[in-house]
Amino acid sequence: MEPYVINIGRSLGSGGRAIGKLLAQQLGIGYYDREILQMAARESGLCPEVFERTDEKNRFLHTLGNIIPFVGSGNTYVAGELSNEHLFLIQSEAIRKAAAQGSCIFIGRCADYVLRDHPRCVNIFISADMPDRISRLCSLTGCNEKKAREMIEKGDRQRAAFYNFYSSGTWGAAATYHLCINSSVLGIERTADYIRSFVSEKLSLKD
């Protein structure tokens, strides 16, 4: 079977990571989340912490200016320069290298845009109802509902800013993805099942 990739974007607290891990286990394929930062560090010889500042959950400086979007035009980075855009290029190469090694799932980090020319990919966005998102964060972090809501609002802003800056799409917009799904409707496990069925149909996968 030809290799394929599933790229998952997600709103904070939607269960996107849990769903991605379930899918990877069910399909028997690779799973990449923060592992991409480690790969980028190994490939570049830089410390993993260096890539944290360009990660989707952290603030980043637009060194190309506030009105010029970064669209991955194939520009190479200059040795010694460590702007956020150059670090993103290194991270993008790590994503492409991982995808070339076999079928896998990527969580966030503009992987759908980085792999836009991949012949066999499925781009998914997972959202959830706010009460479920708040409940999930409270359970995972031990915070109260007020803090969870603040984390969600901040996290979504950061993810949207990261994605909209580095890609040509719009974070969370239906036209950007092959499938947008609300995990509150079916729950984590059945949402994973639904996405698996969708991927199988789109890519004509055989059990």
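**View 1. Helix 1 and helix 9 are oblique to each other in this predicted model.** Helix 1 (residues 16–27) packs against helix 9 (residues 188–203) at an angle of about 55°, with the axes 9 Å apart; axes are lines fitted to C-alpha atoms, for helices over the stretch in contact, and angles run from 0 to 180 degrees between N-to-C directions. The crossing of helix 1 past helix 9 is right-handed, a term used where the near helix is turned clockwise from the far one by less than a right angle, anticlockwise being left-handed. Helix 1 contributes Ala 18, Ile 19, Leu 22, Leu 23, Gln 26 and Leu 27 to the contact, and helix 9 contributes Ile 188, Glu 189, Thr 191, Ala 192, Asp 193, Ile 195 and Arg 196, where contact means heavy atoms within 4.5 Å. Sorted by class, the residues of this contact are eight nonpolar, two polar and three charged; Ala, Val, Leu, Ile, Met, Phe, Trp, Tyr, Cys and Pro count as nonpolar, Asp, Glu, Lys and Arg as charged, and the others, Gly among them, as polar.

Residues are numbered from 1 along each chain as its sequence is written. In this predicted model, local features need pLDDT of at least 70 and side-chain atom pairs count only at pLDDT 80 or more, whereas totals for chains, interfaces and linings use all residues, and side-chain values use heavy atoms, with hydrogens and water left out.

**View 2. The protein has nine helices and five strands.** Helices (H or I, at least four residues) and strands (E, at least two) are DSSP runs, numbered from the N terminus. Read from the N terminus, the order of the elements is β-α-β-α-α-α-β-α-β-α-α-β-α-α. Of its 207 residues, 49% count as buried, that is, under 20% relative accessible area, with exposed meaning over 50% and partly exposed in between (1.4 Å probe, protein chains only). Among contacts with a separation of 6 or more, 69% join residues 24 or more positions apart.

**View 3. The largest nonpolar core of the protein has 30 residues.** A nonpolar core is a set of buried Ala, Val, Leu, Ile, Met, Phe, Trp, Tyr and Cys residues joined through side-chain atoms within 4.5 Å. Those with the most contacts inside the largest core are Val 5, Tyr 32, Ile 36, Phe 51, Ile 95, Phe 106 and Leu 115. At least two residues of this core come from each of helix 2 (35–44), helix 4 (84–100), strand 3 (104–107), helix 5 (111–114), strand 4 (121–127) and helix 7 (145–166), and helix 4 supplies the largest share, seven residues. Apart from this core lies another, of 21 residues, which includes Ile 19, Ile 29, Val 199 and Leu 205. Leaving aside residues up to four places away in sequence, Leu 115 touches Val 5, Asn 7, Ile 95, Arg 96, Ala 99, Phe 106 and Cys 121.

**View 4. The axes of helix 2 and helix 4 come within 8 Å and cross at roughly 105°.** Helix 2 is therefore roughly perpendicular to helix 4. On the side of helix 2 the contact is made by Ile 36, Leu 37, Met 39, Ala 40, Glu 43 and Ser 44, and on that of helix 4 by Ile 90, Gln 91, Ala 94, Ile 95, Lys 97 and Ala 98. These residues divide into eight nonpolar, two polar and two charged.

**View 5. Ile 152, in helix 7, is buried, with a relative accessible area of 1%.** Not counting residues up to four places away in sequence, Ile 152 touches Leu 12, Met 130, Arg 133, Ile 134 and Leu 137.

View 6. Although not a glycine, Arg 109 has a positive phi of about 55°, and Cys 110, which is not a glycine either, has a positive phi of about 60°. Arg 109 is buried, with a relative accessible area of 2%, and Cys 110 also counts as buried, at 2% relative accessibility.

**View 7. Leu 179 has its place in strand 5 (residues 179–182).** This residue is buried, with a relative accessible area of 12%. Leu 179 and Val 122 are 57 residues apart in sequence, and 8.1 Å separates them in space, C-alpha to C-alpha. Residues up to four places away in sequence not being counted, Leu 179 touches Asn 123, Ile 124, Phe 125, Tyr 194, Ile 195 and Phe 198.

Note on methods:
Angles under 35 degrees count as roughly parallel, over 145 as roughly antiparallel, 65 to 115 as roughly perpendicular and the rest as oblique.
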